[in-house]
Amino acid sequence: MDDRLKAIIEKDDASFLRAFGHRSPVCFDHGNGLYLYDTEDKAYMDLIGGIAVNVLGHAHPHLVSAIAEQAGKLIHCSNLYYIENQAILAERLGSLFGGGRVFFANSGAEANEGAIKLARGYFYHKGDPRARIVSAVQSFHGRTLATATATGQTKYSAPFAPLPSDFVHVPFNDLDAMKSAVDDRTCAVMLELIQGESGVNPADPAYVAAVADWCREKGALLIIDEIQTGMGRTGHFFAFEAYGVRPDIVTLAKGLAGGVPIGALIANEVASTGFEPGDHGSTFGGNPLACAAALAVLDVYEKEGLVDRASQMGDYFRDRLESLMLQGAQITAVRGMGLMIGIGLDKPVAADIKSRMLAKGYLIGSVGTQTLRLLPPLIITKEQIDVFTADLEATLKEVAAE
Ligand SMILES: *Cc1c(COP(=O)(O)O)cnc(C)c1O
């Protein structure tokens, strides 16, 4: 370990609140394309992309110059005034959604928090108050009190009781459970279409279609959390397009501004009446800098066809991994859609594989002990996928031989 890294870790240990789980002992100085460079200038191929954030990879010239140009003009000016980039971005996202209204926040949790408030506000303003939010077991919706409560994993909420009330969890992909939980007291159903944080578990399309129908029948709003699945990750701009459903509210964050903090909720006209003037707000949300970055990301998406690319590269990547599985590597399943990929392992060696791959210069994620997770930038090439897959195969063999 070099002196610079040692000093960073010592400072962090002494001063940073001990809230995070394990951090890998590495610190990056800069990046370029699919690669990050650490304090010793060692290169790493980045297959986790800041957890689905660095959709354009690192230091993409169009994003860098848009941010620099906006920073030189106006970084922030508050939502007391009109913001040109915010209006343009709202129009673009609303039209990608198929018509709707947009509100900007600063993170995924804050976008989901806004979606929950919007859904409750909708029934309040209608004069028919409903509070109940139904979400799935093993879901992940964020770390604020309400979103941690919506999250279907008690480890995220138990220490922080008392929690907001009227949040109910049902097993994922279980239509009967959903139908018995959702009635005319239900305000909204909140779902991920592919559960990311619990190991890349896709919802069954027939289940999602039936849940959407049931919500309509009971008058409940459908909120789809696309914070991880959105921004083309699955090969569709929104994953709901692949499922053939239309949510009332969708949330985005992670990749939206390519690494600049931002979150967004998009609501159809009906659901958007949940906020009346003065009901919600944000100091930073949708500021000029974040919106300029998001517009630059959308420009690159259009120019480089990144949504289609995510689909093609995702198919290629999963083919390569499936062929490893068929050749007898310790892979039990390859899950996901587009460039959101989960690799099931036959033994609890995910952490071991992850640290061996780190030593070989690859950044990958793991969930629990038996799943590897890949969320690479959408600019990844076939050649890079081949290089990674060959080293993953070698590493799986090493671990199996021990
Ligand atoms: C990451 C994530 C969130 C939370 O986003 P933050 O920006 O960390 O608050 C919420 N929902 C899903 C599906 C996510 O993947």
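**A histidine and its surroundings**

Leaving out residues up to four places away in sequence, His60 touches Val300 and Glu304 (contact means heavy atoms within 4.5 Å). His60 sits in the loop between helix 2 and helix 3, which covers 61-73. Helices (H or I, at least four residues) and strands (E, at least two) are DSSP runs, numbered from the N terminus. His60 counts as buried because its relative accessibility is 13%; buried means under 20% relative accessible area, exposed over 50%, and partly exposed in between, using a 1.4 Å probe and protein chains only.

Before going on, keep in mind that this is a predicted model, where local features need pLDDT of at least 70, side-chain atom pairs count only at pLDDT 80 or more, and totals for chains, interfaces and linings use all residues. Residues are numbered from 1 along each chain as its sequence is written, and side-chain values use heavy atoms, with hydrogens and water left out.

Most residues other than glycine have a negative phi, and most peptide bonds are trans. Ala52 has a positive phi, near 70 degrees, without being a glycine. You'll find Ala52 in helix 2, residues 49-52, and with 4% relative accessibility it counts as buried. Gln138 isn't a glycine either, yet its phi is positive at about 75 degrees. Gln138 lies in the loop between strand 5 (132-136) and helix 6, and at 39% relative accessibility it is partly exposed. As for the peptide bonds, the one joining Ala161 and Pro162 is cis, with omega about 0 degrees. Pro162 belongs to the loop between helix 6 (145-150) and strand 6 (167-170).

Finally, have a look at a pair of helices. Helix 11 (residues 306-326) packs with helix 13 (residues 382-401) at an angle of about 25 degrees, their axes 10 Å apart. Axes here are lines fitted to C-alpha atoms, for helices over the stretch in contact, and angles run from 0 to 180 degrees between N-to-C directions. Helix 11 and helix 13 are therefore roughly parallel (under 35 degrees; over 145 is roughly antiparallel, 65 to 115 roughly perpendicular and the rest oblique). On the helix 11 side, the residues that meet helix 13 include Met313, Tyr316 and Phe317, while the helix 13 side includes Ile385, Phe388 and Leu392. By class, this contact has 8 nonpolar, 1 polar and 4 charged residues: Ala, Val, Leu, Ile, Met, Phe, Trp, Tyr, Cys and Pro count as nonpolar, Asp, Glu, Lys and Arg as charged, and the others, Gly among them, as polar.
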